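Open the model in your viewer and keep the selection tool at hand. The stops below are meant to be taken in order.

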Amino acid sequence: MRFSHLLLPTLKETPTEAEVVSHQLLLRAGFIRKLTTGIYIYLPLGLATLRKIEQVVREEMNRAGAQELLLPMVQPADLWEESGRWHKYGPELLRFTDRHDRPSCLGPTHEEVITDLVRREVHSYRSLPLNLYQIQTKFRDEIRPRFGLMRGREFVMKDGYSFDATEEAADRTYQKMNDAYHRIFRRCGLRFRAVEADTGSIGGSFSHEFMVLADTGEDTLVICTSCRYAANMEKATSQAPSAAPAGELRPLEKVETPGKRKVAAVAEFLGISPRELVKTMVYLADSKPVAVLVRGDHEVQPVKLKNLLGAVEVELATDQQVFDLTGVPTGYLGPVGLKLPLVMDREVAVLRNVVAGANEKNYHLRNVNPGRDFEAGQVADLRMVTVADRCPVCGSELELTRGIEVGHIFKLGIKYSQALKATFLDAEGKERPFIMGCYGIGVSRTIAAAIEQNHDKDGIIFPLPIAPFQAVVLNLSPNDGQITSAAESIYEGLRQQGFEVLLDDRDERPGSKFKDADLIGVPFRVTVGRKLAEQGMVEVRQRADGHTADLPFAEAVERLAEMIRAGLARYSIKNDE
């Protein structure tokens, strides 16, 4: 492709609307343009990268035995009502009615549609296992779409669904998809980690997220420094606490703590550490209040709380709501005598003689003891993991890092097949529900994640397998016949060998050409200019590390072709991997 013929509107200045690096660079490099909030147009280079990722996904899904199909984006409400998600999914589901007043939605995901298809077409265990996938545009009406392709309303996704006859077979399929996802992201040239995750609105028994490691990631990951344990913060746990220490349970003592509402202030005033204090937090679980007890140096993890209570939504009560419910100002609440349902983090259950609010302004209680002074309805792991915790598997240190979710796999079980009465006949002729799995990849999001992980002050640094072009040839003197002829020769030579090449044939200053080449992130840059006339050489520069080499013009095509092939080989995967 010639730059002079290409729709590639690069920008010198960073658009004010773009907050994160990937959004800034995708706009500046001319990959995307905004149509409306959370919805983007893919320009030629953006689409080229999207198609590269799609092809890797398609090849690995096919290799794992999955079959591609294409499902409608518009879905009838009655299927979602059958599954129970029409009202549970929330406002992200864009609902509408057609001219016949039939309610429908734009598909954010396709569990209902695929289950309906299979229940109508597959009836015997002999047709199983079955693994189906699609690559399609989705729509989720995010309340605050932001960060460009990272969190848009309309996006491109690969979603796959498996159907098995037994739990054992479903586990084998899940592992196949896990392996396929590892191959996909390795082939895309990304540094990533698979972590245990909450199943969220999709449901199911367990799941893993595939996270691209990046300092700008929205998600916090908890990773063991010694073993393979890794989880996102919503799912992460730590080594279980030791049993409660033996010793005297001292009598309750009410102490005045004037104006001391915060943990740090109370601890300092009473001469204790925050870990010797219990916080009482009021949450609203589906609008019903519940008091949550955590140690003073810990924080509640809302998803863990939601899962424990079986709630659709939990939110921290406001100060006014707390006072309306209890008559006590925030900061002085405690579990002793509190007239609210209580749940307790497991770390609190082993504490002895600790401080808690006295349910009276300006007062706390010393020597509060679980079991003696109060009872909690449920005890569970309800808190955020910290770097001070230990791995629940091997006991080693944990580290917290940042990541961007690009894939998610779920063991769904019979959640949807049971709700939609999707069944098959087993070998004994008995009717059984399909055991399902669900496997998603944010294809468009992967572009943004790759840029967040791979960029510098000059622009994008694309991994070779997903770059829109593998090489860019810069003609620094379009009016010079010798230089132009040489640039054209290298351009055509590389194209004939099957490579994707951009020829910058514009009549622009060399500095502009260098800046644009760096901005769009093409892995190899070939500069044809003064060195050709003076020394018969052309310059080849690798975008990733800045390594530069001068090559004889006569050898340039073959040498560069070898470099590109060697680069691609680093990301290739053997058939038995």
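**A tour by selection**

Select asparagine 353 to begin, in the loop between helix 9 (346–349) and strand 18 (354–357); helices (H or I, at least four residues) and strands (E, at least two) are DSSP runs, numbered from the N terminus. This is a predicted model, in which local features need pLDDT of at least 70 and side-chain atom pairs count only at pLDDT 80 or more, while totals for chains, interfaces and linings use all residues. Residues are numbered from 1 along each chain as its sequence is written, and side-chain values use heavy atoms, with hydrogens and water left out.

Asparagine 353 has a positive phi of about 55°, although it is not a glycine. With 15% relative accessibility it counts as buried; buried means under 20% relative accessible area, exposed over 50%, and partly exposed in between (1.4 Å probe, protein chains only).

Next, select phenylalanine 147, in the loop between strand 7 and strand 8. Phenylalanine 147 is not a glycine either, and its phi is positive, about 65°. Its relative accessibility is 13%, so it counts as buried. Most residues other than glycine have a negative phi, and most peptide bonds are trans.

For a cis peptide bond, go to leucine 128 and proline 129: the bond from one to the other has omega near 5°. Proline 129 is in the loop between helix 4 (111–121) and strand 7 (130–139). From leucine 128, move to threonine 166, 38 residues apart in sequence and 9.8 Å apart in space, C-alpha to C-alpha. Threonine 166 sits in the loop between strand 8 (154–164) and helix 5 (167–187) and is partly exposed, at 35% relative accessible area.

Now colour the chain by domain: domain 1 (49–237 + 400–452), domain 2 (253–380) and domain 3 (469–569), with bounds that come from an automatic or database domain assignment. The C-alpha centres of domain 1 and domain 2 are 37 Å apart. Their contact (heavy atoms within 4.5 Å) takes seven residues from domain 1 and six residues from domain 2.

Which residues have the most contacts inside the largest nonpolar core? Select Phe31, Tyr181, Phe185 and Ile520, in a core of 63 residues. A nonpolar core is a set of buried Ala, Val, Leu, Ile, Met, Phe, Trp, Tyr and Cys residues joined through side-chain atoms within 4.5 Å. Domain 1 and domain 3 both give residues to this core, so it lies between them. Another core, of 24 residues, lies apart from it and includes Tyr491, Val501, Val538 and Ala556.

Turn to helix 1 (residues 21–28), where six of the eight residues are buried, so the helix is largely enclosed by the rest of the structure. Select its buried residues: Ser22, His23, Leu25, Leu26, Leu27 and Arg28. Among the elements covering them are strand 1 (32–36), helix 11 and helix 13 (510–520). Just after helix 1, glycine 30 takes a positive phi of about 75°.

Last, show helix 2 (residues 44–63) with helix 11 (residues 443–453). Their axes come within 9 Å and cross at roughly 110°; axes are lines fitted to C-alpha atoms, for helices over the stretch in contact, and angles run from 0 to 180 degrees between N-to-C directions. Helix 2 and helix 11 are therefore roughly perpendicular (65 to 115 degrees; under 35 is roughly parallel, over 145 roughly antiparallel, the rest oblique).
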